[in-house]
Amino acid sequence: MTGETDHKLRGDYSRMRPDYTVDQDWDAYSSDEHDLWRRLYARQLSLVPKYASEEFNETLALLKYGEGIPRFDVINRKLAPATGWQLVAVPGLLPDLTFFEHLANRRFPVTVWIRKPEEFDYIVEPDIFHDFFGHVPLLFDQVFADYMQSYGRGGVKAHQLGAIEMLARLYWYTVEFGLIETPRGIRAYGAGILSSGGEISYAVESPNPNRIGFDLMRIMQTSYKIDTFQESYFVIRGFGQLFDATAPDFAPYYKELQGRAPYAPSSVLTTDKVYHRGAAPIRAA
């Protein structure tokens, strides 16, 4: 959701409040837009049972929002008592600090517009389907929800320290494109994977990408690409690992990483724990 970008932003920013929130205006969605949602939802629903984490699938089955674009107020009545989070409607991408402040206060920004039919398989900028389908189910998981708030608080501090780029890599490789080790093998929990028709099987099954054990400092030094499937994914053992990783003060980490050249997205280091097609991690050769 965060993104200072050169790409011309979509969405109507003319009616936003100072915190970038808007009204969802659910009644304004057309029947064609609801139909597009249903088609996107049906495609992903056929994929996530095999490739997504159990936590994601369990919540998805309870929410049942496949009939059309969901109303945020209806979901909030379930989400607030579950983990204390609320969805807030926004026009699109937000300035970094605004995004972090929302997360720090347990508010998750969700874009109100939906992609065009010709963007069914790929969209440059996150829309309501990506934000809602990919992110919202895991906000019902208490540990992951706490991680998201912790990340937001860390983001506010990173903004003050000029370390946004390093922290953005952590978000990319966990919240957007993270994998998790489960008794059934490696599964996806990152929203960018879960909302993608093509990358969800690629991330879990393809022999092409690297799957590397979670390492906070390694991730914050690893660059990424936004216009292709990922060359590397990082695998956590559980959501508790994410929460524990964000508990310390990151200021010393930023200082240690300052001035270091980032690793390429395809890099495999001798210190990496590398997973092979769902197998247990091994040290890179």
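Buried denotes under 20% relative accessible area, exposed over 50% and partly exposed in between, with a 1.4 Å probe and protein chains only. The model is predicted: local features need pLDDT of at least 70, side-chain atom pairs count only at pLDDT 80 or more, and totals for chains, interfaces and linings use all residues. Residues are numbered from 1 along each chain as its sequence is written, and side-chain values use heavy atoms, with hydrogens and water left out.

**View A. Strand β6, residues 232-236, is mostly covered.** Five of its five residues are buried. S232, F234 and I236 point one way from β6, whereas Y233 and V235 point the other way. Strands, like helices, are DSSP runs numbered from the N terminus (strands: E, at least two residues; helices: H or I, at least four).

**View B. β6 runs parallel to β3 and to β5.** Strands pair if DSSP finds at least two bridges between them. Two bridges join β3 (residues 179-182) to β6, and I180 has I236 as its bridge partner in β6. Four bridges join β5 (residues 210-213) to β6; here R211 is partnered by Y233.

**View C. R15, D23, Q24, D25 and V112 lie nearest the centre of the second largest pocket.** The lining comprises 15 residues: seven nonpolar, two polar and six charged. A pocket is an open set of points on a 1 Å grid over the protein atoms alone where a 1.4 Å probe fits, with protein on both sides within 12 Å along at least five of seven lines; lining residues have an atom within 4 Å of a point. Ala, Val, Leu, Ile, Met, Phe, Trp, Tyr, Cys and Pro count as nonpolar, Asp, Glu, Lys and Arg as charged, and the others, Gly among them, as polar.
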